[in-house]
Amino acid sequence: MASNLTKFIHSLDPRTLPRVLQIQSGIYFQGSVYEMFGNECCLPTGELIKVTGFKVNKIIASICESNEDNQCSARIELPLSFPGLCKIVADKTPYLSIEEITRKVSIGPMRLGHPCFYCNEDIKLANLTIKQGEQIMFNSVEEVNGTLTVNCGVVRDNQSHSFTLPLSQEGEFYECEDDHIYTLKEIVEWKIPKSRNRIVKFTNMLHSWDSSNPLPENFDGCLILAPIYEVQGVMKFRRDIVHILSDLDIEVIDVTDCYDISSFLQPLSMEDVFERTSKEFPMVAEVIEGPTGRQQPYNLIYPGKEIVIHKKYQAKRILASEIRSDSHKKHFLIPASYKGKFKRRPREFLTAYDLEIARSDKEQLHVVATKAFDSPHAELFSVSVGDQFLVQQCQTGEVIYQGRTKVIDVLACEQILNEAYKEVLLPMYMEGGFVEVIHDKRQYQLSELCKEFRLPFNVKVSVRDLSIEEDVLAAMPGLQLEEEITDSYLLISSAGDPADSWEIPVYRLNMSVQLLSKPVDETVSSPTRTIVEEISEEQYYMVRRFENQTLHPPPRPPKKPTTLESKPLLTVPERSGLDAPHAVKNLYVDTIKKLCSDHATGVSELQVSCQNDLVHWENEDYVTGTATLLDTSVIKGPINNMLLKYGTEKELEEKHSYEYVDENVIENIRKKFQESTVHNKTYPLKKKREETSKME
């Protein structure tokens with residue numbers, strides 16, 4: 001029986017693909033026009049199409065005037081990337097059997113694939129009775145002894161009870177109210193039943209309204225969503241892949257049983273090729289659908305091009321992201337063969353616990369405070385903006401609380417003063433702000449960075465890779481090397497030049513090929529050519545999700561307790577072999593706390609000012625693309641002492657001294673802090689500490 005494309009898709013089980021369709025009622029668009037916007041719009045009656053897949057292309061939305069009778073106004077088109085969060089309005093039309101639910105609703109292993117329903121009558125099972133109106137979660141569909149069943153679960157008294165329901169189970173099943181919030185793309189992929197529309201209500205627009213927004217300004221109503229599918233397939237006498245939208249006015253009939261599917265073109269995606277056994281490589285293939293992009297080798301892979309696929313394998317990449325304050329960051333996968341050189345960039349730390357994690361035995365971590373912290377205990381140090389520290393080790397320390405001695409985790413540091421060093425203790429729960437001071441002037445290869453330092457790590461390209469035409473990394477003001485990942489790749493080359501081989505990703509390349517029965521000569525290829533791959537935001541999170549599936553989560557940082565008695569701190573293993581500095585006790589902590597509270601407003605204003613200074617200074621360094629040259633004669637005594645303490649030999653290796661956070665910036669921070677506190681008629685913390693030391 002003939003039907004339109006939308007009804008065919010709703011009745012189609014994806015597991016039965018591919019299917020052969022015959023056009024029963026064709027459509028012609030202005031006679032000579034055969035294709036529009038990459039989609040077929042002219043299909044003659046009798047044409048045969050082998051459907052290989054389908055996906056949602058766009059959403060047609062209607063503004064719902066009333067939830068009761070679903071009265072709708074004009075229709076608008078929404079892209080899948082439409083920014084906004086929405087909630088689902090439960091469907092009031094019942095499903096009459098479990099089989100209907102499994103046929104129309106997406107059920108899968110992911111969280112989004114667990115729909116919930118309730119029945120209007122009791123369901124009696126062998127060892128359990130599901131009560132009327134009780135919420136049933138559908139977890140998965142599987143075959144048991146040749147019978148398809150649904151694995152379900154109910155929660156009673158905070159305990160989960162599992163059971164199975166056969167597809168033959170009948171009754172009126174209604175969709176439960178869903179309080180979760182979804183993106184439009186998540187709703188399209190998981191929450192729109194086949195043959196039904198979906199009503200949603202937007203709860204938040206992620207971007208401010210503008211004239212390009214198809215919805216009215218300050219819209220807070222409901223929308224009825226109807227998906228438009230894109231059908232992918234091949235025709236009987238064409239050697240390319242066609243894309244047909246489901247709203248095209250044609251009628252089709254399924255004639256799979258009447259035709260030999262192997263007589264059609266057999267396009268393979270890169271995933272299909274990768275699933276072939278290693279013994280089948282190398283192989284010759286013709287490109288049916290090529291990737292887009294001007295970067296090599298993508299500009300060399302076009303439809304009709306013959307290529308040799310030599311082998312499949314796993315390769316390592318470094319996942320890196322652009323350092324910038326907003327969310328529009330660029331992400332890259334850097335191969336180990338990248339020949340550019342990097343220089344270190346300062347890292348930022350939000351807590352003392354982050355300092356402990358970043359601490360290394362190879363070099364001492366030097367930081368400057370960008371946020372003030374008032375210690376609640378006399379034994380622990382109060383941090384002022386501009387204070388400099390050398391991080392030592394994590395240890396335990398004693399504090400006096402309500403007349404009792406308590407043991408807590410602390411971070412031992414050395415504060416850099418004008419002519420000396422002062423041993424101080426910072427609580428591990430301290431929430432502050434620190435910026436690293438870089439004294440390392442070396443230029444590193446990528447392999448050296450990964451070997452000598454712990455990721456994540458901040459760098460900037462100092463010497464671009466001259467072996468590639470356009471080094472996209474060199475244009476970045478700064479990069480954070482996040483982690484090392486392993487991904488799947490294919491080694492390909494042109495059939496006319498098998499020695500010139502390229503590496504292409506398997507899961508991020510939209511490319512289809514047709515295998516050819518041609519002999520392949522085994523050739524010894526030159527070194528494999530790789531590229532720095534820029535990936536989208538979605539691909540970035542997919543890569544991180546798959547990479548982190550086997551990793552254990554990091555330990556949670558300790559939190560500041562409301563009372564030391566009720567909330568014990570998390571402990572960090574104490575490192576042996578290091579001398580712990582003694583706590584500097586302050587007998588007049590109450591007086592200082594009172595003084596500090598008087599100028600809290602000045603400190604908060606100064607924090608913003610100091611951070612802006614740092615950002616402005618960093619941006620100037622990024623724009624020029626060169627390191628800030630700092631004359632060693634300008635460096636003050638404490639910095640000279642520190643450099644002599646752990647970097648004398650490295651100082652002699654290079655002629656110039658490059659500093660990314662110099663003393664002038666630090667002095668500027670201190671100066672603004674003092675001016676701010678004087679303006680607010682309070683005493684600078686430095687002065688208060690001098691007075692306190694005199695009292696002691």
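Ser97 counts as buried because its relative accessibility is 12%, where buried means under 20% relative accessible area, exposed over 50% and partly exposed in between, with a 1.4 Å probe and protein chains only. The model is predicted, so local features need pLDDT of at least 70 and side-chain atom pairs count only at pLDDT 80 or more, while totals for chains, interfaces and linings use all residues. Residues are numbered from 1 along each chain as its sequence is written, and side-chain values use heavy atoms, with hydrogens and water left out.

Ser97 belongs to strand S8, residues 95-97; strands (E, at least two residues) are DSSP runs, numbered from the N terminus. Leaving aside residues up to four places away in sequence, Ser97 touches Leu167, Gln169, Glu170, Gly171 and Phe173, a contact being heavy atoms within 4.5 Å. Glu172 is 75 residues from Ser97 in sequence, yet their C-alpha atoms are 7.0 Å apart.

S8 is part of an open sheet of six strands, ordered S8-S15-S9-S12-S13-S14 with antiparallel pairing; two strands pair if DSSP finds at least two bridges between them. S8 and strand S14 (159-166) each have a single partner strand, so one side of each has no neighbour in the sheet. Within the sheet, two bridges link S9 (residues 116-119) with S12 (residues 136-144), and Phe117 has Ile136 in S12 as its bridge partner.

The largest nonpolar core has 39 residues, of which Leu43, Leu78, Ile187, Leu223, Leu225 and Ile244 touch the most other members. Such a core is a set of buried Ala, Val, Leu, Ile, Met, Phe, Trp, Tyr and Cys residues joined through side-chain atoms within 4.5 Å. Strand S5 (residues 48-64) gives this core its largest share, six residues. A second, separate core has 28 residues, including Phe381, Phe389, Ala412 and Val424.

Key
Helix = DSSP H or I, 4+ residues; strand = E, 2+ residues; numbered from the N terminus.
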